[in-house]
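This report describes a protein chain for a reader who is new to it. Please keep the sequence and the model in view while reading.

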Amino acid sequence: MPELPEVETVRRGLTPVMEGFVFDQVILNRPNLRFPFDPKFVERVQGQTLERLGRRAKFMIAELSSGDRLFLHLGMSGRFTIDERVQGEFVHNHDTNPKHDHVHFLMSNGSRVTYNDPRRFGFMELIAPGEPSRIDHLGPEPLSNELSGPTLRAAFKGKKANIKSALLDQRVIAGLGNIYVCEALYRSKISPRRMAGRLKTKEIETLVGHIKDVIAEAIEAGGSSLRDFANTEGGLGYFQHSFDVYGREGEPCKVCAAPIQRLVQSGRSTFYCKACQG
Ligand SMILES: [Zn+2]
């Protein structure tokens, strides 16, 4: 599942071919993804200039010249590919099954941006100016200055939930997913079972630093994989990371060699080192 760093990588890959250009043609190959498309989707997007392609949590947000915002969410398996027009013909150079190509955006610079999603958990949503949206109650972005020791401490005050689940609450931090919560807790040597409201000021400060580091490093890794990807395949969106704990149940801790443990919290797997995060 794409996490915040992957979404940010995709946004950076799409920006040069979409931002500042007009949607010359919008082709929908089906009426819905996870949710139905707006009945006027094509009408509302076609002919508009994409003024800015931003991101909030795991949403890419295309600001259109009409004032509408187009939210793009990759779900579990969504990916974008970019085909360039070479000598009047599109070079269809991605390796995904074209039967899962659900949306094509033909941009005024001659690029075709295709959305492919085999499992169809992704979605595209148009939000009119002033209309409420899914990002209205999100907490601060992990890399923003709004996320700091004091803000996190205030958010955790009196919280009886365990720190793992508290960090996944999108009202506390926007877009921080399961993988990066596990990694940040491991680096901070904080047990995922600890009660959020009981963490010490110093521990919270350490944790904030590691949250920012794991996200920033993953975005950086995405940037380098994006360069390879874009040069060779024209595909955007997925890359391999090496994680310290995530997905490593039974393998040795990189610090103390004890086997990494897995436990389930709020229905999600937590990976951690019992010895280091005691
Ligand atoms: Zn360890």
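## Overall composition

Of the 278 residues of the protein chain, 37% count as buried; a residue is buried if 20 or more other C-beta atoms lie within 10 Å of its own, exposed if 12 or fewer, and partly exposed in between, with C-beta atoms placed from the backbone. The structure is a predicted model, in which local features need pLDDT of at least 70, side-chain atom pairs count only at pLDDT 80 or more, and totals for chains, interfaces and linings use all residues. Residues are numbered from 1 along each chain as its sequence is written.

The secondary structure of the chain comes to six helices and twelve strands. Helices (H or I, at least four residues) and strands (E, at least two) are DSSP runs, numbered from the N terminus. Among the contacts in the chain with a separation of 6 or more, 68% are between residues 24 or more positions apart. Two residues are in contact if their C-beta atoms, placed from the backbone, lie within 7 Å.

## Helix 1

Helix 1 covers residues 4-18, 15 residues in number, and reaches 20 Å from its first C-alpha to its last. This is close to the 21 Å expected at 1.5 Å a residue, where the expected span is 1.5 Å times one less than the number of residues. Twelve of the 15 residues of helix 1 are buried, so the helix is largely enclosed by the rest of the structure. The buried residues include L4, V7, L14 and M18.

Helix 1 lies across strand 2 and strand 3 and runs at about 175 degrees to strand 2. For such values, axes are lines fitted to C-alpha atoms, for helices over the stretch in contact, and angles run from 0 to 180 degrees between N-to-C directions. After helix 1 comes G20, which has a positive phi near 85 degrees.

An open sheet of four strands has the order 2-3-4-9, with antiparallel pairing. Its edge strands are strand 2 and strand 9 (123-127), each of which pairs on one side only. On average, neighbouring strands of this sheet are turned by 20 degrees against each other, direction ignored. Two strands pair if DSSP finds at least two bridges between them.

Strand 2 (residues 50-56) and strand 3 (residues 59-64) are antiparallel and share six bridges. L50 stands opposite L64 of strand 3, and R56 stands opposite F59. A57 lies in the loop between strand 2 and strand 3 and has a positive phi of about 50 degrees although it is not a glycine. Most residues other than glycine have a negative phi, and most peptide bonds are trans. A57 counts as buried because it has 20 C-beta neighbours inside 10 Å.

Strand 3 also pairs with strand 4 (residues 69-73), in the antiparallel sense over five bridges. F59 has H73 of strand 4 as its bridge partner. The hairpin of strand 3 and strand 4 has four residues between the strands, and G67 there takes a positive phi near 100 degrees.

## Strands 7 and 8

Strand 7 (residues 101-107) and strand 8 pair in the antiparallel sense over five bridges, and V113 in strand 8 is the bridge partner of F105. Strand 8 (residues 111-116) is mostly covered, with five of its six residues buried. Three residues separate the two strands in their hairpin, and G110 in the turn has a positive phi of about 95 degrees.

## Helix 3

In helix 3 (residues 149-156), the buried residues are L152, A155 and F156. Seen down the helix axis, they fall within an arc of 95 degrees, so they line one face of helix 3; the arc is that of the directions from the helix axis to the C-beta atoms. P150 and A154, on the other side of helix 3, are exposed. Just after helix 3, G158 takes a positive phi of about 75 degrees.

A257 is found in the loop between strand 10 (235-236) and strand 11 (261-265). A257 has a positive phi of about 75 degrees although it is not a glycine. With 10 other C-beta atoms within 10 Å, A257 is exposed.

A275 belongs to the segment after strand 12 (268-272) and counts as partly exposed, with 14 C-beta neighbours inside 10 Å. Not counting residues up to four places away in sequence, A275 touches C253, C256 and A258. The C-alpha atoms of A275 and A257 are separated by 9.3 Å, the two residues being 18 residues apart along the chain.
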